[in-house]
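Good morning, and thank you for the time. Please look at the sequence and the structure as they come up, and I shall then go through several local features in turn.

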Amino acid sequence: MTTIGATPVAWLALLPVLLLTATALLVMVTDLFTEGPDRDGLGWLGIAGLVVTVVASISLWNQHETGFNGTIVVDRYALFFNVLFCLAAGLTLLMSMNYLELTDIRVGDYYSLVVFATVGMSLMAAATDLIVIFLGLEVMSMAVYVLAGIWRRQLRSTEAALKYFLLGAFATGFLLFGIALLYGATGSTQLAAISSKIVASSGDQRVLLTAGMGLLLVGFAFKVAAVPFHVWAPDVYEGAPTSITAFMAVGVKAAAFAAFARVFLHYFTKLSGDWTAALWWLAVLTMTVGNVVAVRQHNIKRMLAYSSIAHAGYLLVGMIAAGENGGSAVLFYLLGYALMNLGAFAVVIAVGKRGEANEQLDDYAGVGFRQPFLGFAMSVFMLSLAGLPPLVGFAGKYFIFAAAVKAGYVGLAVIGVLNSVVSMYYYIGVLVKMYMVEGGADVPSPSTRPLVFATMLFAVIGTILLGMFPSGTYEAARQAFLSLG
């Protein structure tokens, strides 16, 4: 620990963020001296920095360090999410090196922006102050806004970035107004100070607390794409470059839930009577709308967008269950969801080719026989997303719904199971196209895109192993959640 003036600075609390920031800056500076095919080296440089951050996060597992007047904390909770964010960013960079060549997106900033977005995610997971959460959210969001529109020759990419930016700015306004109300009620933006004053609050102060909490809920609900704050997701997911769609579906959602869970499941538990009912309806609407609308989609990216909305609903069930079981289930589910979704989008990239994205479900006809590995990989991801054993999607849903039952929300768990049954229709529909319908697009061999193939292989192995042997990872998730105190 060093000091600046009379204030001690716990640099250990910022180590993962500093490593990620150094990586992003190094990639950005290196880009000045590279061009053409050499830019693939930027991706490898970014991956190397992410690996170093993962190693540092694992080595800090038994540490609990706060810094900057208690606004940043390194605990197992933040470290668990650091590993998850680095995994999502690393696999995104890995599949991107082939994808950028395929789409002629020759922009070196792409790689540094992915890492900068990861910096914001890490800040959100480690923040114990509402202002720091906001700063992390903005660092992440600004990078992702640019990444969504980085395919400049595609009008739909520009449209996606504009929609995401405008609606994101609107949602950020709700979040900031909520922070302002909480500050007005308690005189602090630090979560611990706010929590300590909740019990003694009364009258106008209680009204401000409830209103501020409600506006925070709206801001977080937008970022996790919960209904009715989901309208941006299908258009943005479809229009953004596919690798960035995968990153948004996994990384942005995980970061939002990291801050969401820390605030509501740890610091705002004394107000649970005020927010549980609202989350109950959000969860039911999100699961149901996501799954029902996904049934009618003919574009694979839009289908996965509505699937992502539905999975946000399942995660909200874990939030409602709360406690050790609910919180641990949310963390485990986010990790499993990352592997399933990144793998599925890697298949979407592999099915496309230069000048032809092949994103319609009809394009997948017969792919399972013409490209057996693509068919097998997509089968694993679709069945896991549907929640079938012995894959990680089944384990994740089991932990979520079991936590809800133990917390007394049997009806909510039943609604979740019924929604999972509905989801099987469109997930298995992809497999029907791949194995039972002739025709489809001419799909290149995975060997022509070895890095996309490597991403799929990693995700397949992770999806199967975490599903068959979930106990070790679930225990890590449990320890991470309990570190919140």
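Met468 is partly exposed, with a relative accessible area of 44%; here buried means under 20% relative accessible area, exposed over 50%, and partly exposed in between, with a 1.4 Å probe and protein chains only. The residue is found in helix α18, residues 450-468; helices (H or I, at least four residues) and strands (E, at least two) are DSSP runs, numbered from the N terminus. This is a predicted model, in which local features need pLDDT of at least 70 and side-chain atom pairs count only at pLDDT 80 or more, while totals for chains, interfaces and linings use all residues. Residues are numbered from 1 along each chain as its sequence is written, and side-chain values use heavy atoms, with hydrogens and water left out.

Met468 belongs to a nonpolar surface patch with Phe453, Leu457, Ile461, Leu465 and Phe469, and together these residues have about 550 Å² of accessible area. Patches are made of residues with over 30% relative accessible area and no salt bridge, like charges being joined within 9 Å and nonpolar side chains (Val, Leu, Ile, Met, Phe, Trp, Tyr) within 5 Å. The areas come from the Shrake-Rupley method with a 1.4 Å probe, and for residues only the protein chains shown count as cover.

I turn to the aromatic residues. Rings of Phe, Tyr and Trp (its six-membered ring) pair if their centres lie within 6.5 Å; planes under 30 degrees apart count as stacked, over 60 as edge-to-face and the rest as tilted. By this rule there are 26 aromatic pairs. One of them joins Phe80 and Phe81 edge-to-face, at 6.0 Å centre to centre and 85 degrees between the planes; both Phe80 and Phe81 are buried. Phe453, from the patch, forms a tilted pair with Phe373, at 4.7 Å centre to centre and 45 degrees between the planes. This pair links distant parts of the chain, 80 residues apart, with Phe373 in helix α15 (residues 372-386) and Phe453 in helix α18. Phe373 is partly exposed at 22% relative accessibility, and Phe453 is partly exposed at 31%.

Next, the charged residues. How many salt bridges are there? The count comes to 8, where a salt bridge is a side-chain nitrogen of Lys or Arg within 4 Å of a carboxyl oxygen of Asp or Glu. In one of these, the closest N and O atoms of Asp235 and Lys163 are 2.9 Å apart. Asp235 lies in helix α9 (residues 232-239) and Lys163 in helix α6 (residues 155-186), and the pair links distant parts of the chain, 72 residues apart. Glu238 and Arg302 also meet in a salt bridge, at 2.9 Å, N to O. Glu238 lies in helix α9 and Arg302 in helix α12 (residues 300-321), so this pair ties together parts 64 residues apart in sequence. Arg302 is buried at 18% relative accessible area, whereas Glu238 counts as partly exposed at 22%.
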